[in-house]
Structures are given as C-alpha cells and as structure tokens.
Amino acid sequence: MESEANNILEEVTQGDYKYGFVTDIETEYAPVGLSEDTIRYISTKKNEPGFMLEFRLKAYRHWLTMVQPKWAHLNIDPINFQEIIFYAAPKKKKELTSIDEVDPELLATFNKLGISLDEQKKLAGVAGVAVDAVIDSVSVKTTFSETLSKHGIIFCSFSEAVQNHPELVKQYMGSVVPYTDNYFAALNSAVFSDGSFCFIPKGVRCPMELSTYFRINAANTGQFERTLIVAEEGAYVSYMEGCTAPQRDENQLHAAIVEIIAMKDAEVKYSTVQNWYPGDKNGLGGIYNFVTKRGICKGNNSKISWTQVETGSSITWKYPSCILLGDHSVGEFYSVAVTNNYQQADTGTKMMHLGKNTRSTIISKGISAGKSNNSYRGLVRISKNAINSRNYSQCDSLLLGAKCGAHTWPYIQVDNKSSIVEHEATTSKISEDQLFYCQQRGISAESAIGLIVNGYAKEVLKQLPMEFAMEAQKLLSISLEGSVG
Amino acid sequence: MQTESKEPVTQKRFIDLFEKNRAFLSANDTPGLNVTRVKAMASFAKLGFPDTSMESWRLTSLEESFERGYDYHLQPMEEVDVQKVFRCNIPHLDTAVIGQLNGWYVSKDVPLMELGNGIIMGSLAEARKKYPQLIEKYFGTIADDTNDGFTALNTAFTQDGVFIYVPDNVKSPKPVQLINVIHHDENLFLQSRNLIIVGSNAMLSLVHCDDSYNHQASFSNVVTEVHLGEHGAMDHYKLQNLNNNSTLISSVFFRMAASASLDSHYLSLNGGLLRNNIRVLFNGPNGNASIYGLYLMDRKQHVDNNLFIDHAYPGCTSSETFKGILDEHARAIFNGHVLVRRDAAKTDARQSNKNILLTDTARVNSKPFLEIYNDDVKCSHGSTTGQLDQESMFYLRQRGIGEETARMLLMFAFADEIVARIAIPQLRQRIEDMVKKRLQGELQICEQCVLHCSTPEHPIEFQIDLGKI
C-alpha cells in the first residue's frame, strides 16, 4: 500500500502549470537596467507629479546603500538588476472609454485565465466582482468603477489614483511600508509601475468583492506593483488578488508592496491566490516572488485579515503582517503554502501587538512535495503596553515525499504579564492510518490523498471568499497533480 | 607570568595571552592534542566573541559582562582551605564527589581515582598525562569550535577540568556529583573543560553543580563533552545557583551512539547571566534524549537556553521540555532547534516551552524551531506564555486558601512537572525544597552542595492561612 501511495505521490509531482501561455501583444519597454534615468523614464511615462519622482529617487538612493538580505532559508541565484526591464506596457492606441476598446488579445488572455472583464456578464450574476486587471507594468482595465463610485468608493489603478487623488496617495503611500523597510520594498518604491488603489469612505460597506488580477506577460521583465487600501472609520472591504505568469526558462522578479490602513471599527479582508509560474520539474525558470505586505490597525476595534493560498513561484519570500496599534484591534493570518519540485517558500507573518486587548490568530498550513523546501517564519511580539493581549498560532506542515523539507521558525516575544500567547505546530506525513481508513472504505489512494490534503487545508480555505475558494481548491489539486482534490 | 590582572574581556587580550603562554599551556600536550589546541586558537582568532549581530546571540548581550574586567589564572591560585569553601561536609574522596574550585580540580593528593570496577574519575590535567591515547581519541571531537568562539577559546586554553570514564558494561553504583565552586576575592574569568565517556551498556548518573560562594563577579566558560556508547545511559543534572554578578556560558555536547539514552535536567535557580548551549548529536539509530529545563529568575537575571538536536540517524526520539517563571526584570530566552536530516526516518521530536510572567517588566522570547528534511517523522512544538490560570486561582481561593499560598501552590505545581522527573530521590526532595524557597524569595546564592548537607533545611510546608478565611 505504501508503494502505491508513493507512486501516487510521484504522479502528484507531475502536475503541469496551466497558465504558461504567452500572449502576443504589442508591448513597449523601458531601456534594460536600473538607473536614475530608468526611474525618470517611468515617472515621465506615467506623467507623475513631482512628489512621486522625488519619492522614487529617494527610495532608489536608499536602495543603493542596501544589500540583499540573506537570512531567509532560501537559495537565491544572484539577481542582476541591470538585466531586468523595469517597465513593460501593452501599447495602447488611445485612452480607453469602454470595454470594447480593450485590445481583444488582452480580453482573450483574461478570459483564458477565467477572469472576465466584461461587466455585462457579471451583472447577470447575483453579486459581481470588481476587477482591476494588471498586465506587466500597467493596469489595463478596472471594472465596475462607476458602480462603486456611487458609494463613494474609489477603486482604480494606482496610476489613476496618482493623477486623480494625489492628496490621498501622498498621505498614505509609504506610511505602512516605508521605502527604508527592506531591500525589495526600497526597490519597489523606486520602480513600481502600477497597481491598485482602493479607498472606502467612512461607514461604507463595499457592496462587492474587489479584485486585482496580476499577469506577467513580457519576457525579461520584472513586475513591481503596489497596492494601497484605505478603509476609513467603520468601513468594510473584502479584497482579492490573483496572479499568473507564462512559462519561461529564466527567472523573473516580482517585488510588490501591499499597504492596508484600517481606521476605527474598519475591517479589511485581503485574500491572495498566488499562482505565479513555479518553474519546471527541474527547477528551471519561475518567478521570484519577493513581496512586502503589511497592514496597520490604526483605530480601535479595527480588523485586518490576511488569507493566502501560495502555490506558485519558484521562490516565495513574503510575510503579510499586522501592526495592531488600536486598542481591541484584531489581526488574522490564514495561509496554505504548497511547494513542489524545486520550489522554495519562506513565508509567514508578523503580529505586532501595540494596543491594549489586541488579539491575533495565525493558522499556517505548509505542504511540501518533490524536492521543495517550505518554511514558516513568524513573529508574535507583545509589547509592554499591549496588556491583556492574546495570540493563538498554529503552524502545521505536511510532507509528501522523502526529499522535501518543512521548517518552522516561530519567534515569540512577550513583554508583559497579562497577555497570553500560545503556539503549537506539528510536522508529519499523511498518516497511514487515515489513508488506510479511506482505502478500506473503497476510496482510491489517490482520492484519499486528495481528501486528506483538502481536509488539512480546509481551515484556511474556508476563510476565502466564495469565488476564490473554488479557484483555490482547484489550484491545490493542480499544484499537487491532476486528480488529487 | 601566569596571572593576568583585571582587564576587560576582548579577543585581543586572549590572543595575546595565548601567544605569551603557548609553551606553558601545551606543556603536557600530545602532538594530536596540540594540533587541536592550535586549530582552536586559529578558529577563535577568526571568530572572536559572539555579539548581538549573530542570530543565536541576538538577545543575549555580553557587553556589560565583558566590561567588568576579570583576572585570568593559568594555574590554580594559592592553596585554599577546601574545608572552608565547601562548608558542608565533603565526604572522603573515594566517594562519588568531585570538587572543582574556580574550574581547577581540587584534590592534588589524589588527582585521579581509579575505582575497582574500572571507573576512572578525577582531574582532566592528570588524565591527559596518564591516559594520553584515551584522551586524544575523544577530546575535542564533538565540541565544534568552528562556529562558536567560546568553545574555540575553551579548547585553546584547555588545562584542567573533570574527566570521568565508565568502561563498557559498568554501571556507576551511585551518582557522581561534580561541584564547581567559584570563590575568589577579585573578579575572575575561568574556563574549565570536562570530558565524560560512558561505554557501551554502561550507566552514569551525574549531578553537575555550578555554585558561587560570594558576590564577586565571575565569568565562566565551561565546555563539557559527553560520549555515550551503544546502549549507554546517562542521567544528567545541571544545577545552576550562582550570584547575580556571575556570567556562565555552559556548553555541553552529547554524542549518542546507537540506542544510547540520555535524560538531562537543567535547573537554573539563580544566576546573573546564564547561557546554556545544549548540543545533542544522534550518531547512531534508535537513540533517545530527553532534555528538561526549569528556570526561576528574578531581579535582572537573564537565562538563555540554546538547544540544538541533530537527528542524523533514523529511529531516534528527542524531547525538549522547558518551563520558567519570571519575576521582576528577569528575561528568559528559549531557542530550540531540531534538525531532522534526510536519512533520519521514524524520528519523533517534541519541543515544549512554557513560561509564566509575574510582572510587566519580565520578558520572554521563545523560538521553538524545527528543520525537517524527511517525511516519515513526527515532530511537534508548542510554546505558551501567560500568567497563572485565573480559574485555578479561583478554585483554590474558593476553598479558603489565601492568595499568596494559592499563588505559591500553582507556581510550584507548574515547576513540579520538571522537578518530578528527577530520578534521585534525595536530590528531588532537595530541589523541591529549593524551588519552594526560591519561589518565596528566600533562596539566595549557593546553598552549597546539594546532596551532602549535614544540616538539611527544614522542609517547607504550605500553610493554609485559617485566619483569613
């Protein structure tokens, strides 16, 4: 039975990446390499106000003084920043006013990915999802902007926000992740090209899910986008992010920043299904996914919840974090990270408890297969003033196959007596008892593994919005093989 | 020539000291040992002392300790009245007590005891002269000096310490107690090196006490290597009861042959700055290592337990159970690292760290870290930090138990999970008393040797305060 299970696990590693196609779109590029000129080129191209260029240059100059961090449990081939194209945009003939004017190639691309940018179709459904579609360096289309603006919600590409709401951008950009934060955040701050911007005014509950879909298409480019979400007092928004990239032999760099600001009583739910191209079975190619995501619960009773399903990228380096500044604020982190073949993931979260009675929950489920390495790295810090705070963390790892690795590096720091911090973790393979139990009841070993893996990840998957949960479950099976799941 | 006066601890000072006294230090070395020594010094010259920029020393700063300045002695100080230092009766030396004063083996009359059953114990300096081959075979083989400056320094300066050899198939009839007392009128930097060899099917129970006798500052860098043979077993107790001005860097390396079994207990009751490096290497299949730790810290005491368990062979079991109660400004750090290598199938590894904070100024850092490269394993870790359980407290108060007594009772119960594991009944009783006294704030430094006090303390009972009902 064990050998049969092993065979299935072998097969599991044969799953193919289904989004590896390339679309032939006319694209314009910035000159290869990174210099102040590249930054000026991007800024000019985007017709940015002066403060943006200044911010970029400050970030770039700071970046020059930094070195790439080496502390993560990752083997990263050296990145030559002079060989990357930092800006690539599908050529557009004129300003878009309706969906009909979007390049049909692009529409077809997104349809192929299962993302419909056609509002009419969506409206027929009960609840729509507003999508901001980002291809390479720029946002190509944001749907439902008008419907949302009736509620006072601003949902647009970052470039549009810079043009139309510079005061908001100026106020919040870099306030959670300053450009000095880390190496890749500095790089992003210097060269970011687009991204999504979302502002929910006081007391508004966003009537639909907001979503950004990122797609890398052009070769030799890096994608550097930036997302900024501001929820004013009492506001609520659920935000989803998805991403794919073509299959290529070289590694491509994706260094993004996501900043969330939640004011008093506000709630932001951020869900990610990350499915960048993971490289082939021999570890060739794939995306380097180096992302800085952080939210701040600024006001009392605010809440930020991160949910992530990480299946793609050859290397993932990402720690969605919460700064719990307001009293009674809540931070949550739910994660399923799957690595296969030669993928490497070093992911987790930071919960910084600063306010009184703050609470946080961390549920992390790692699944390693093939020759991959999957690490959870997390920090829970209860500062001296965060009295009566509470944290519960659980980080489990599941190992499929004898050549993979699963690691947990939890850092716990407690500086007052009234707080309670609990952490537990287990690492094991799929239990032979469970497998036997299923098979004894006529479930094939293959389906049984799927069943067990899905059950294992259920706690996280159920946190996802419905539209995403379906995709995530599908992804989980694709990552692990054809029919598991 | 052989005494250095009070100077801050710097890398340069020790490099110079070594150069100046190279011939003296290596006078009794075999060629092999000398190579080890010189290599270690080169290593130290490269590594220096650790500082907070290193991940494993990030939370333990030695700066303050280093600046105090210490004497360093290259030979034992003038004869001291041993009876005066060990205030309790020290039984005749043919019993299982080994005394060390400031890191030097005490009795010069009988430097090495050879017992009828083949057990050898005594001074390492003497053993190096008498059994050079045996020493050369084991010395420095597991104390890795390539990435730890303190171990490298200790190896380079090795002079004396304790040597214990238990031959194959011999069970040590009674526990061996090793007491290292620090007693000096000046600040003292001391290093001692212990080598313990337990043969196949052999058994040793070792109680290793670090005590200080006055309030003078001291800095100890102690390295102990323990080799356990096939089916060998060891019951190991490390008691730390030092004054608040003392700094202790204790590194113990265990190498476990197939099916060897280790129970190790770290009981830290007092100490200024304690750093326990505990390294376990499974060098054969089916070994078992259980490491327990209890730390009760107050004032500005600092304890840093740094564990590394290397599962290099299949079928081994390890557990780390560390518990601590922190009062006032105390700080505790737990760093548990379990590595399961590619070939170590059927590994069962558990880590647990539980802390109670009694004040808002006490601090805890816990990092239970698992690194796993094999799928056929059972590994888990847990860490909790909090205060005394309010419901348990309520339960006790409701039954008429005074608040202070109830608190004591709960803290004692918390600590007892570790204390109850002590297999030597006398020692367990004694530690129970010490823990109770410690929790009541009565235990100061050194209560002298643990097993042989001629006037045992009165047992402490929890009085139910009827007057307050």
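Predicted model: local features only at pLDDT ≥ 70, side-chain atom pairs only at ≥ 80, totals over all residues.
**Figure 1. Strand pairing joins E24(A) to strand E22 (residues 377–386) of chain B.** The two strands pair in the antiparallel sense, and eight bridges link them. One position can be followed in detail: A:Glu422 has B:Thr384 of E22(B) as its bridge partner.

**Figure 2. Helix H2 (residues 31–47) and helix H7 (residues 149–156) of chain B cross at roughly 145 degrees.** Two packed helices are described by the angle between their axes and the distance between the axes. Here the axes come within 8 Å, and the crossing of H2(B) and H7(B) is left-handed. H2(B) brings B:Thr36, B:Arg37, B:Ala40, B:Met41, B:Ser43, B:Phe44 and B:Leu47 to the contact, where they meet B:Gly149, B:Ala152, B:Leu153, B:Thr155 and B:Ala156 of H7(B). Seven of the residues in this contact are nonpolar, four are polar and one is charged.

**Figure 3. Helix H7(B) is mostly covered, with eight of its eight residues buried.** The buried residues are B:Gly149, B:Phe150, B:Thr151, B:Ala152, B:Leu153, B:Asn154, B:Thr155 and B:Ala156. The elements of chain B that cover them include helix H1 (11–25), H2, strand E9 (188–198), strand E11 (218–228) and strand E13 (246–256). As context for this view, chain B contains 10 helices and 22 strands, and 50% of its 469 residues are buried. Among contacts in chain B between residues at least 6 apart in sequence, 83% connect residues at least 24 apart.

**Figure 4. Strand E12 (residues 267–274) of chain A is largely enclosed by the rest of the structure, because eight of its eight residues are buried.** In a regular strand the side chains alternate between the two faces of the sheet. For E12(A), both faces are covered: A:Glu267, A:Lys269, A:Ser271 and A:Val273 are buried on one side, and A:Val268, A:Tyr270, A:Thr272 and A:Gln274 are buried on the other. Strand E9 (residues 236–244) of chain A runs parallel to E12(A) and is joined to it by eight bridges; within this pairing, A:Gly242 has A:Val273 of E12(A) as its bridge partner. E12(A) also pairs with strand E14 (residues 303–310) of chain A, in the parallel sense and over eight bridges. In that pairing, A:Glu267 stands opposite A:Lys303 of E14(A).

**Figure 5. B:Asn102 has a positive phi of about 50 degrees, although it is not a glycine.** Most residues other than glycine have a negative phi, and most peptide bonds are trans. B:Asn102 lies in the loop between strand E3 (97–101) and strand E4 (104–105) of chain B. Because B:Asn102 has 23 C-beta neighbours inside 10 Å, it counts as buried.

**Figure 6. B:Lys346, a residue other than glycine, has a positive phi near 55 degrees.** The residue is placed in the loop between strand E19 (331–340) and strand E20 (347–357) of chain B. B:Lys346 has 16 C-beta neighbours inside 10 Å and therefore counts as partly exposed.

**Figure 7. Helix H2 (residues 36–45) and helix H3 (residues 50–64) of chain A cross at roughly 155 degrees, with axes that come within 10 Å.** H2(A) and H3(A) are therefore roughly antiparallel to each other. H2(A) passes H3(A) in a right-handed crossing. The contact is formed by A:Glu36, A:Ile39, A:Arg40 and A:Ser43 of H2(A) together with A:Met52, A:Leu53, A:Arg56, A:Leu57 and A:Tyr60 of H3(A). These residues divide into five nonpolar, one polar and three charged.

Definitions and conventions. Residues numbered from 1 in each chain as written. Chains lettered and ligands numbered in written order. Pairing = 2+ DSSP bridges. Helix = DSSP H or I, 4+ residues; strand = E, 2+ residues; numbered from the N terminus. Axes fitted to C-alpha atoms, helices over the stretch in contact; angles between N-to-C directions. Left-handed = near helix turned anticlockwise from the far one by under 90°. Contact = placed C-beta atoms within 7 Å. Nonpolar A, V, L, I, M, F, W, Y, C, P; charged D, E, K, R; others polar. Buried ≥ 20, exposed ≤ 12 C-beta atoms within 10 Å, placed from the backbone. Parallel < 35°, antiparallel > 145°, perpendicular 65-115°, else oblique.
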